[in-house]
Amino acid sequence: MASTDNPNLAAPSKPGLPPTVQVHLGRQLRAAYAPLETAATPEIFLALIEKLEAALAAQGKAVEPEFREGMLAALSSLRAFALSLTNNAARADDLVQDTILRAWQNQHRFQPGTNLNAWLFTILRNAFYSEQRKRMREVQDEDGSYAARLFTAPDQGHRLDVQDLRAGLAKLPPDQREALILVGAEGLSYEEVAGICGVAIGTIKSRVNRARNRLAELLGYSDDDLSGDRMMQSAMGEGV
């Protein structure tokens, strides 16, 4: 998760969406996903990596330390992205485990010095859409309660309604939602997201802009609405 405002998300999109709204949406996305990205890594992921390491050791081999550490560091982000795609905690965990296995089996294809997170997001996204094509119907968290508990506002005193944000994101087309989350919440560049999604950079920019505008519309944001917001005033005081 990027610690500073992502310029990609704050870039002008279309007339009528004030910069303050764009910045506010970016902060909301990062705040909504922060609990997932900072949460303790589920033991099932760590146990799987230990088993894979043991299997390699039995063959007299070992994984590159940089690759292992990079994968461990990416697990929380992978889970957050998986949850945004599936909206189902159990499916998200299965998807991350599948990603770990595929990445481990294909680590020789990763080019050192490039963005490991982007490479892992690509694997996860491909696995998700491959699964989607095979599924006859979507199995959801029955009432969304478990997934909802994973998205908890870090400060209830702020005007940050995470449930409304989740509902708004759910109404976006999948291609727009994933582009917005990868750019706005994960802090990836347009170029990196274009590589993950296998489309042109201009297409990603268009998807992010359309998603951002639609989300602002769904949440009922306007410049006037935010002018007196304490969080927004604080943010603008930080030089945004």
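N87 counts as partly exposed because its relative accessibility is 32%; here buried means under 20% relative accessible area, exposed over 50%, and partly exposed in between, found with a 1.4 Å probe on protein chains only. N87 sits in the loop between α4 and α5 (89-105). Its phi is near 55°, a positive value in a residue other than glycine. Most residues other than glycine have a negative phi.

The model is predicted, with local features requiring pLDDT of at least 70 and side-chain atom pairs counting only at pLDDT 80 or more, whereas totals for chains, interfaces and linings use all residues. Residues are numbered from 1 along each chain as its sequence is written, and side-chain values use heavy atoms, leaving out hydrogens and water.

What secondary structure does the protein chain have? It comes to 13 helices and 0 strands, where helices (H or I, at least four residues) and strands (E, at least two) are DSSP runs numbered from the N terminus. Of the 240 residues in the protein chain, 47% count as buried. Contact here means heavy atoms within 4.5 Å. Among the contacts in the protein chain with a separation of 6 or more, 75% come from residues 24 or more positions apart.

In soluble globular proteins, nonpolar side chains tend to be buried together. Leaving aside residues up to four places away in sequence, I100 touches F45, L48, I49, L52, M71 and L75.

I100 also takes part in the meeting of two helices: I44, F45, L48, I49, L52, E53 and L56 in α3 meet D93, V96, Q97, I100, L101 and W104 in α5. The axes of helix α3 (residues 43-58) and α5 come within 10 Å and cross at roughly 20°; axes are lines fitted to C-alpha atoms, for helices over the stretch in contact, and angles run from 0 to 180 degrees between N-to-C directions. The two helices α3 and α5 are therefore roughly parallel to each other, since angles under 35 degrees count as roughly parallel, over 145 as roughly antiparallel, 65 to 115 as roughly perpendicular and the rest as oblique. The crossing of α3 and α5 is right-handed. A crossing is right-handed if the near helix is turned clockwise from the far one by less than a right angle, and left-handed if anticlockwise.

How do α4 and helix α6 (residues 116-134) cross? Their axes come within 9 Å and cross at roughly 40°, which makes α4 oblique to α6. On the α4 side, the contact includes F67, M71, L78 and F81, and on the α6 side it includes W119, F121, L124 and R125. This crossing, too, is right-handed.

F81 of helix α4 counts as buried because its relative accessibility is 0%. Apart from residues up to four places away in sequence, F81 touches F121, L124, R125, E178, I181, L182 and E186. The C-alpha atoms of F81 and R125 are separated by 8.8 Å, although the two residues are 44 apart along the chain.

Helix α6 itself has 19 residues and reaches 27 Å from its first C-alpha to its last, close to the 27 Å expected at 1.5 Å a residue; the expected span is 1.5 Å times one less than the number of residues. Its buried residues are L116, A118, W119, L120, F121, I123, L124, R125, A127, F128 and S130. What covers the buried residues of α6 includes α4, α5, α9 and α10 (190-197).

Helix α11 (residues 201-219) also has 19 residues and reaches 27 Å, close to the 27 Å expected. Among its buried residues are I204, R207, V208, A211 and L215. An α-helix has 3.6 residues a turn, so residues three or four places apart point the same way.

E37, in helix α2 (residues 19-38), is buried, with a relative accessible area of 14%. The C-alpha atoms of E37 and R79 are separated by 8.1 Å, with the residues 42 apart along the chain. D175, in helix α9 (residues 174-185), counts as partly exposed at 29% relative accessibility. Its C-alpha atom is separated by 8.6 Å from that of C197, 22 residues apart along the chain.
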